[in-house]
Structure formats: structure tokens, C-alpha cells
Amino acid sequence: MDFLRYAEASAGLLNTELVGVDDLVGHLAGREWLHPRATDRDCTVLRRFQRELRPVFEASDRGATREVVEGLNELMVRHPVTPRISDHDGDDLHLHVATTSASVAELVIGESLLGLATLVCDLGPTRLGACSAERCDHVYVDTSPNQSRRYCSDRCSSRANVAAYRRRQKLVAATPLTTGAGRPAVDDAATAAGA
């Protein structure tokens with residue numbers, strides 16, 4: 001069981017608009033065996049879970065560690081995880097977070113909660129965030145060594161950096177040049193031309 005992958009998938013789930021089964025199948029890329037089992041009911045359950053889980057990411061982003069822990073604990077009560085040992089890969093025994101009869105939604109929710117709970121215990125409750133880019137409502141999991149992540153993607157980071165650069169350039173262009181004495185600088189070429 002890859003807890004970090006499950007934690008990151010929970011952010012991906014929050015960033016996915018689940019209008020229908022096709023959207024859920026898109027979220028389950030690389031897990032083709034789950035595609036035929038995905039239903040409209042799974043989408044409905046997962047949309048509700050998205051609304052329940054988002055406040056945990058927002059609390060972490062604000063540094064409200066108690067809210068993160070209480071929120072995850074409450075969600076684990078509301079959505080019990082039933083781990084089991086699986087031996088379907090021969091000698092590679094590993095944990096699954098749900099029984100084989102679990103729905104796709106139950107499986108995804110279980111993976112999300114167990115992944116996030118493990119991440120919070122291992123790295124701390126402030127490793128979840130909301131993108132700092134304007135007009136972006138996506139979330140992310142911050143696994144950077146110095147906990148410095150502020151954006152959900154390189155694309156949002158680049159856009160924010162370009163926007164900040166342009167603001168600085170406009171500020172520089174709007175600021176009059178001054179001499180060391182605080183007087184406006186005189187353009188020597190313009191002065192010479194007028195003399």
C-alpha cells in the first residue's frame with residue numbers, strides 16, 4: 001500500500017469535477033480493473049466526500065492543525081476503513097483498504113483517508129494546501145523537504161511568477177527616477193537637445 005500515492009490521489013480527487021462516470025473513470029486512470037465497476041452512485045457518494053474532505057485541506061493550509069486531525073478522525077468514523085491483507089501478487093503481501101465487495105467509492109474514500117492519516121502522522125498536519133494562484137481552487141499535498149509548496153501545479157506556479165514579474169515591471173516603469181538627493185533625475189540628452 002503506497003500511502004503517499006493515496007494521499008496525493010485524494011488531492012486529485014478534490015481537483016476532479018465528477019459530473020458522471022466518465023469523469024470518475026478518468027480519475028481512475030491506470031486502474032482499468034475498476035472502470036467497469038464505476039457507477040453513478042459512486043459519483044454521488046464521491047461528490048459528497050469531496051465536500052466533506054475540502055475543509056481538511058483548507059484547515060491545513062491555514063495551519064489549523066487541530067482542525068485537520070479532528071476533521072480526518074471524523075471522516076474516518078463516518079467512512080470506516082476495513083483494511084485486509086492481500087496476496088494476489090504472489091509473494092508480495094500488502095494491505096488493501098477495503099474488502100473485495102466494496103464499491104469504487106468506498107475503495108477511493110478508504111485509500112484517501114488512510115493515505116492522508118498516514119501522511120499527517122508521518123510528516124505533520126500542515127502538509128496539505130490550497131493553491132495560491134488567483135482563480136484556482138485546486139488543492140495539493142506538499143512533500144517538499146522544506147514544506148515550501150504554494151501551488152497545485154507547475155503551470156499555476158509559472159503563471160503566478162509571470163504575473164508578479166509583470167507587476168514589478170509596471171511598478172518600475174511608473175516610478176520616476178531620482179538622484180541620490182531625492183530630486184528627479186534629469187535626462188542629459190534631453191537637456192542638451194533643449195539648450
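**View A. Gln 147 sits in the loop that runs between E4 and H6.** Helices (H or I, at least four residues) and strands (E, at least two) are DSSP runs, numbered from the N terminus. A word on the model before we zoom in: this is a predicted model, in which local features need pLDDT of at least 70 and side-chain atom pairs count only at pLDDT 80 or more, while totals for chains, interfaces and linings use all residues. Residues are numbered from 1 along each chain as its sequence is written, and side-chain values use heavy atoms, with hydrogens and water left out. Look at the backbone here: phi of Gln 147 is near 50°, a positive value in a residue other than glycine. Most residues other than glycine have a negative phi. With a relative accessible area of 34%, Gln 147 is partly exposed; buried means under 20% relative accessible area, exposed over 50%, and partly exposed in between (1.4 Å probe, protein chains only).

View B. Ser 144 is buried, at 18% relative accessible area. Its side chain reaches the backbone nitrogen of Ser 148 at 3.0 Å, which you can read as a polar contact: a pair of N or O atoms within 3.5 Å where, within protein, one must be able to donate a hydrogen and the other to accept it, and residues adjacent in sequence count only if both atoms are side-chain atoms. Setting aside neighbours within four places in sequence, Ser 144 is in contact (heavy atoms within 4.5 Å) with Arg 127 and Arg 149.

**View C. Arg 135 has a positive phi, near 60°, in a residue other than glycine.** Arg 135 belongs to the loop between strand E3 (128–130) and E4. At 83% relative accessible area, Arg 135 is exposed.

**View D. Ser 60, in helix H3, reaches across to Leu 128.** Is Ser 60 buried or exposed? Ser 60 counts as buried, at 3% relative accessibility. The side chain of Ser 60 comes to 2.9 Å from the backbone oxygen of Leu 128. Beyond neighbours within four places in sequence, the contacts of Ser 60 are Val 68, Pro 125, Thr 126, Arg 127 and Leu 128.

**View E. Leu 24, Leu 46, Leu 53, Phe 57 and Leu 72 touch the most other members of the largest nonpolar core, which has 37 residues.** A nonpolar core is a set of buried Ala, Val, Leu, Ile, Met, Phe, Trp, Tyr and Cys residues joined through side-chain atoms within 4.5 Å. At least two residues of this core come from each of helix H1 (3–14), helix H3 (40–62), helix H4 (65–78), helix H5 (104–123) and strand E4 (139–141). H5 gives the most, with 10 residues. Zooming in on Leu 72, and not counting residues up to four places away in sequence, you will find Leu 53, Val 56, Leu 113, Leu 116, Ala 117 and Val 120 touching it. A second, separate core of seven residues includes Cys 131, Tyr 151, Cys 152 and Cys 156. In soluble globular proteins, nonpolar side chains tend to be buried together.

**View F. Arg 31 and Glu 111 join their side chains in a salt bridge, 2.6 Å from N to O.** Arg 31 lies in the loop between helix H2 (21–27) and H3, and Glu 111 in helix H5, so the pair ties together parts that are 80 residues apart in sequence. Both Arg 31 and Glu 111 are buried. A salt bridge is a side-chain nitrogen of Lys or Arg within 4 Å of a carboxyl oxygen of Asp or Glu, and by this rule the count comes to six.

**View G. Arg 62 and Glu 67 meet in a salt bridge, 2.6 Å from N to O.** Arg 62 is exposed at 54% relative accessible area, whereas Glu 67 counts as partly exposed at 44%. Glu 70 forms a salt bridge with Arg 66, their closest N and O atoms being 3.5 Å apart. Glu 70 and Arg 66 both lie in helix H4, four residues apart, about one turn of the helix. Glu 70 is partly exposed at 46%, and Arg 66 is exposed at 62%. Salt bridges that share partners also join Glu 52, Glu 74 and Arg 78 into one network.
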